[in-house]
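Please have the sequence and the structure open while I talk.

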Amino acid sequence: MHAERGSEVLNRLSNNDVYISNVKGENVHNIAPIPEESAQDFYKYLIENYKFGVKHEGSSVLGIKNDHNLHNVHVMYYDENYYNAYQFKIQKGDDLYFDFNPKVDPIPILIGEGLSKTYNIGDVIEIPYTFTVDPVKYIVTGFLERDSRVSNMYLPITRQYLNYSIIIPINDEMLTSATRDITMNGIHDLLIFTDSEEDIKAVQDKMKNRFGVPFNFYTPEENIDEVNQYLKIGFTIQLVIFAILFILLTVLIYWNASIASRLLKKIFAVNFIVGLSYKELRIILNTFFIVLLSLNTIALIVALKLVSYESYVMKIDSSMVFGYFGILPESWLIIGGIFISNLLISFVLTEIMVYKFKKIPFTLGVFE
């Protein structure tokens with residue numbers, strides 16, 4: 001479920017002629033320490049020659065007031081093309097705009113649900129250490145939908161929640177004057193909108209010469225295929241484990257019913273004689289097993305609630321969620337699925353036990 005949600009951006013991009021950059025893990029630490037101006041020049045090259053998208057999702061900024069006293073608040077940057085790919089949902093206020101002069105105008109920002117308790121639409125915030133070393137004023141234009149999230153394009157099962165995050169638009173003027181933190185991080189998921197492999201080869205050569213390591217570019221379809229291969233292995237393992245557990249559970253249920261019917265035959269023989277019916281027996285057994293098996297559902301709810309509570313205690317802003325009673329909707333779906341499976345198991349267990357009781361002659365139970 002998380003992978004499906006995380007792949008939404010890739011699925012939207014698959015309708016376009018676009019390539020996504022990626023540097024192999026072993027090469028990440030080999031990127032040359034280039035001057036800030038050199039990185040800015042690379043983006044000037046992109047602006048002049050290509051339609052592209054750039055983002056930076058990693059800045060943790062100190063000193064932003066919030067109701068949970070978080071030391072760091074995540075600040076994320078998206079240019080217009082990347083922002084349109086994500087299609088963030090706005091809960092209140094207006095969407096971002098990108099036509100502004102960062103040296104003159106307050107820069108519009110979106111804030112997460114958690115920060116909306118501290119700031120109102122129209123509030124001006126001074127955020128230190130953003131795209132420039134100088135303090136810049138930002139104006140709140142809207143609030144993100146509760147529990148909005150982003151995922152890594154190369155591993156969609158990951159998730160980062162934005163309840164305590166700030167989204168800042170970045171335009172060409174900002175990009176060509178931004179600090180290394182933004183310009184260098186922006187190259188790792190760079191979007192190049194083109195259907196020409198020659199264009200991609202030219203950008204790759206430019207990046208290799210500029211940053212000292214080779215960058216790969218993949219289409220969204222290639223990315224999705226790779227993700228599916230990764231998930232297929234995990235899903236296959238889960239199915240094998242499920243099949244083994246299902247067989248063991250079925251054997252255990254039948255064995256349990258056989259033992260129970262033999263141990264309880266005297267009690268039930270007497271109860272059948274004094275008026276107990278098989279319908280009433282089914283109700284008794286179903287109720288017992290449903291209550292017993294529901295303990296795992298309760299344990300799961302408590303565990304999920306503790307995980308959510310831990311995020312708030314540890315002040316991990318990227319996993320702080322609201323959901324319903326602190327649990328996300330997809331988790332409630334999983335809980336519902338487990339509860340339904342409990343009902344099915346209870347029904348099967350009850351029917352097996354009733355069948356076993358029916359096989360025992362009343363006279364045998366009475367004599368014993």
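Ile237 lies in helix 8, where helices (H or I, at least four residues) and strands (E, at least two) are DSSP runs numbered from the N terminus. Because its relative accessibility is 47%, Ile237 counts as partly exposed, on a scale where buried means under 20% relative accessible area, exposed over 50% and partly exposed in between (1.4 Å probe, protein chains only). This is a predicted model, in which local features need pLDDT of at least 70, side-chain atom pairs count only at pLDDT 80 or more, and totals for chains, interfaces and linings use all residues. Residues are numbered from 1 along each chain as its sequence is written, and side-chain values use heavy atoms, with hydrogens and water left out.

Turning to the interior, Ile107 is found in strand 6, residues 107–111, and with 0% relative accessibility it counts as buried. If we leave aside neighbours within four places in sequence, the residues in contact with Ile107 include Phe100, Phe131, Val136, Tyr138, Ile168 and Met174, contact meaning heavy atoms within 4.5 Å.
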